Amino acid sequence: MSELTIGGLADEAGVNVETIRYYQRRGLMPEPDKPAHGYRRYHATTVKRVRFIKRAQALGFTLEEIGGLLQLDEAHACAETRELASHKLAAIETKLADLAAMRKALTTLLCQCDAGAMKGNCPIIHALGAD
């Protein structure tokens with residue numbers, strides 16, 4: 001498995017071919033030269049890069065941020081990478097707090113609805129329309 005076609009790379013990395021092409025267009029992966037009579041060949045280590053990108057996406061990093069992470073990796077800049085991860089964690093914590101507040105508000109509205117607190121008026125519609 002020293003060289004792979006784009007289909008082989010996609011299979012090994014667990015993505016589809018269009019994902020590979022998209023990453024190339026976004027500058028996250030180089031596109032190998034195409035031989036005069038044949039298919040582009042990707043080095044087997046490219047699988048690792050695709051998996052890195054997918055794992056970073058699963059952690060909430062945008063493709064732009066992932067590009068930055070890849071550059072930091074090449075520069076062996078662990079402190080800067082840690083800072084980016086710390087900022088991402090803070091953003092996730094903020095989103096979690098927002099989601100918890102949304103959950104609490106919706107739970108309250110559902111309880112009001114179930115209790116028939118507003119005879120004839122829907123408490124959910126009323127709350128969403130209130131100034």
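**Entry 1: Glu31 and Arg40.** I began with Glu31, which forms a salt bridge with Arg40, their closest N and O atoms being 3.1 Å apart. For a salt bridge I took a side-chain nitrogen of Lys or Arg within 4 Å of a carboxyl oxygen of Asp or Glu. Glu31 is partly exposed, with a relative accessible area of 45%, and Arg40 counts as partly exposed too, at 31%. My cut-offs were buried under 20% relative accessible area, exposed over 50%, and partly exposed in between (1.4 Å probe, protein chains only).

**Ground rules.** I noted that this is a predicted model, where local features need pLDDT of at least 70 and side-chain atom pairs count only at pLDDT 80 or more, while totals for chains, interfaces and linings use all residues. Residues are numbered from 1 along each chain as its sequence is written, and side-chain values use heavy atoms, with hydrogens and water left out.

**Entry 2: other salt bridges.** How many salt bridges does the structure hold? I found four. One of them joins Arg49 to Glu74, with the closest N and O atoms 4.0 Å apart. Arg49 lies in helix 3 and Glu74 in helix 4, so this pair ties together parts that are 25 residues apart in sequence. Helices here are DSSP runs (H or I, at least four residues), numbered from the N terminus. Arg49 is partly exposed at 25%, whereas Glu74 is exposed at 54%.

I also looked up Arg21, which forms a salt bridge with Glu18 at 2.7 Å between the closest N and O atoms. Both lie in helix 2, three residues apart, or about one turn of the helix. An α-helix has 3.6 residues a turn, so residues three or four places apart point the same way. Arg21 is partly exposed at 35%, and so is Glu18 at 46%.

**Entry 3: the core.** Which of its 20 residues touch the most other members? They are Leu9, Ile20, Val50, Ile53 and Ile66. Helix 1 (6–13), helix 2 (17–25), helix 3 (46–58) and helix 4 (63–74) each supply at least two residues of this core.

Leaving out residues up to four places away in sequence, Val50 touches Leu9, Ala13, Val15, Ile20, Tyr23 and Met29, a contact being heavy atoms within 4.5 Å.

**Entry 4: helix 5.** Last, I checked helix 5 (residues 78–115), which has 38 residues and reaches 55 Å from its first C-alpha to its last, close to the 56 Å expected. The expected span is 1.5 Å times one less than the number of residues. Just after helix 5, Gly116 takes a positive phi of about 65°.

Notes. A nonpolar core is a set of buried Ala, Val, Leu, Ile, Met, Phe, Trp, Tyr and Cys residues joined through side-chain atoms within 4.5 Å.
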